[in-house]
Amino acid sequence: MSSVPRLVIAAPSSGSGKTTVATGLMAAFTERGVAVSPHKVGPDYIDPGYHALATGRVGRNLDAYLCGPELLGPLFAHGARGCELAVVEGVMGMYDGAAGEGELASTAQVAKVLRAPVVLVVDASSQSRSVAALVHGFASWDPEVRVGGVILNKVASDRHEALLREALDSAGVPVLGVLRRAPQVETPSRHLGLVPVAERRTAAVEAVAAMAAQVREGCDLEALFALARSAGALTGGAWEAPVTDTTAREVVAVAGGPAFTFSYAEHTELLAAAGAEVVVFDPLRDEQLPDGTRGLVIGGGFPEVYAAELSANEPLRKAVAALAGSGAPVAAECAGLLYLCRELDGLPMCGVLDAAGEMSGRLTLGYRDAVALSDSVLAVAGTRMRGHEFHRTVVEPGSGTAPAWGVRTPERRVEGFVQQGVHASYLHTHWAAEPGVARRFVERCRTS
């Protein structure tokens with residue numbers, strides 16, 4: 001299936017510098033003329049934006065919980081087609097995965113499925129000789145995970161580096177890079193993590209360039225590429241969006257721009273394969289939906305940050321309400337749910353749903369097992385899917401008379417809204433796990 005050289009960038013814990021190293025490597029190799037395929041373990045939407053900026057290619061997620069381990073290889077091969085190198089940024093600590101599910105959805109599991117060597121990024125700012133014990137423990141914990149090298153991050157001085165290298169001589173894992181502390185590569189964060197690329201384009205370009213420079217100066221790129229070439233061959237076929245034989249192309253408007261940046265690349269590919277003409281629009285600036293719109297997809301993002309601007313765009317709010325009122329298919333996830341509400345933090349929104357959203361001090365985060373409770377434009381009642389929640393907002397009421405999902409979190413609850421052609425929910429899902437979702441949606445666009 002794929003012999004593309006590949007590396008998995010992992011760490012002992014979050015905050016060690018995975019994003020800096022992974023994005024820097026992607027950019028540094030791209031500068032050399034290497035076609036780099038960028039990937040991210042887990043459901044994160046923001047890091048892939050920086051990866052795309054670094055490589056000029058779409059950043060793609062590899063999530064064993066949302067899609068199943070059996071789809072990791074095919075989805076990887078789909079994204080890496082035609083590339084000379086793939087860099088996979090891990091999630092959390094290397095062995096951390098879905099709570100209570102063992103290695104499921106961990107960086108270690110992805111490395112094993114992809115038969116890829118791991119580069120361990122270690123925050124060395126508060127240790128010297130202890131780094132050897134740390135690296136040895138991670139390298140020996142699971143013999144099926146091959147830690148092929150270590151990159152030391154936040155190293156204070158030449159003396160500090162010498163102490164770290166001396167300690168690691170006995171660990172049997174080569175040092176492939178040493179990065180000094182560099183505030184200029186830091187990217188700003190807020191309530192859900194890094195600020196997306198779409199909201200800080202110029203600053204993001206500068207940050208990626210700084211990451212590339214730091215990695216280029218501090219890492220042995222030749223040794224890293226050689227390690228990538230040692231990845232084992234994968235068997236089987238690459239994932240393909242199932243194509244519906246149709247000559248009619250139904251216009252499906254997909255919300256984009258700074259307020260709606262959360263989406264998986266495979267969703268638009270699935271919609272297009274099912275017969276849609278996908279047209280992206282920006283609810284912050286466009287006052288009308290694209291001409292001929294027959295269906296609407298509004299993914300995740302940060303409407304709470306842009307509530308005033310979204311509310312001020314009254315012509316588009318009315319257009320969305322009119323489309324939904326006509327019975328046309330509308331699929332809304334998280335940010336999309338908030339946009340369809342009557343109001344958000346007291347400001348008028350589209351009014352499609354008789355519900356109000358507001359910022360909350362509590363973070364809702366985690367994987368979910370869900371079952372569709374109502375027939376909708378996405379699924380028939382009884383369809384089981386897995387999803388992910390990630391928000392600091394609440395919607396009251398949390399569900400309509402026809403709820404979208406029954407969710408285990410681990411307690412059981414109902415969530416979301418199904419009314420006419422609208423399916424709105426906090427749950428982010430990955431349609432590659434259930435390709436019938438996109439096909440059903442486009443079919444409803446034709447018949448509504």
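What follows is a short exchange about charged side-chain pairs in this predicted model.

Biologist: How many salt bridges are there?
Modeller: The count comes to 22 salt bridges.

Biologist: Which residue does E222 pair with, and at what distance?
Modeller: E222 forms a salt bridge with R32, at 2.8 Å from N to O. E222 sits in helix 9 (residues 221-229) and R32 in the loop between helix 1 (18-31) and strand 2 (36-41), so the bridge ties together parts 190 residues apart in sequence.

Biologist: And E222, how accessible is it?
Modeller: E222 is partly exposed, because its relative accessibility is 49% and the exposed class starts over 50%.

Biologist: Switching over to D158. What does its side chain meet?
Modeller: The side chain of D158 meets that of R180 in a salt bridge of 2.4 Å, N to O. D158 belongs to helix 7 (residues 158-168) and R180 to strand 7 (residues 175-180), so parts that are 22 residues apart in sequence are tied together.

Biologist: Are those two buried or exposed?
Modeller: D158 is exposed at 58% relative accessible area, while R180 is partly exposed at 28%.

Biologist: Now D354. Where is its partner?
Modeller: D354 bridges to R342 at 2.5 Å, N to O. R342 is in the loop between helix 13 (335-340) and strand 14 (343-344), and D354 is in the loop between strand 15 (347-348) and strand 16 (356-372), twelve residues apart.

Biologist: And their accessibility?
Modeller: D354 is exposed, with 60% relative accessible area; R342 is partly exposed, with 38%.

Notes:
Residues are numbered from 1 along each chain as its sequence is written. This is a predicted model: local features need pLDDT of at least 70, side-chain atom pairs count only at pLDDT 80 or more; totals for chains, interfaces and linings use all residues. Side-chain values use heavy atoms; hydrogens and water are left out. A salt bridge is a side-chain nitrogen of Lys or Arg within 4 Å of a carboxyl oxygen of Asp or Glu. Helices (H or I, at least four residues) and strands (E, at least two) are DSSP runs, numbered from the N terminus. Buried means under 20% relative accessible area, exposed over 50%, partly exposed in between (1.4 Å probe, protein chains only).
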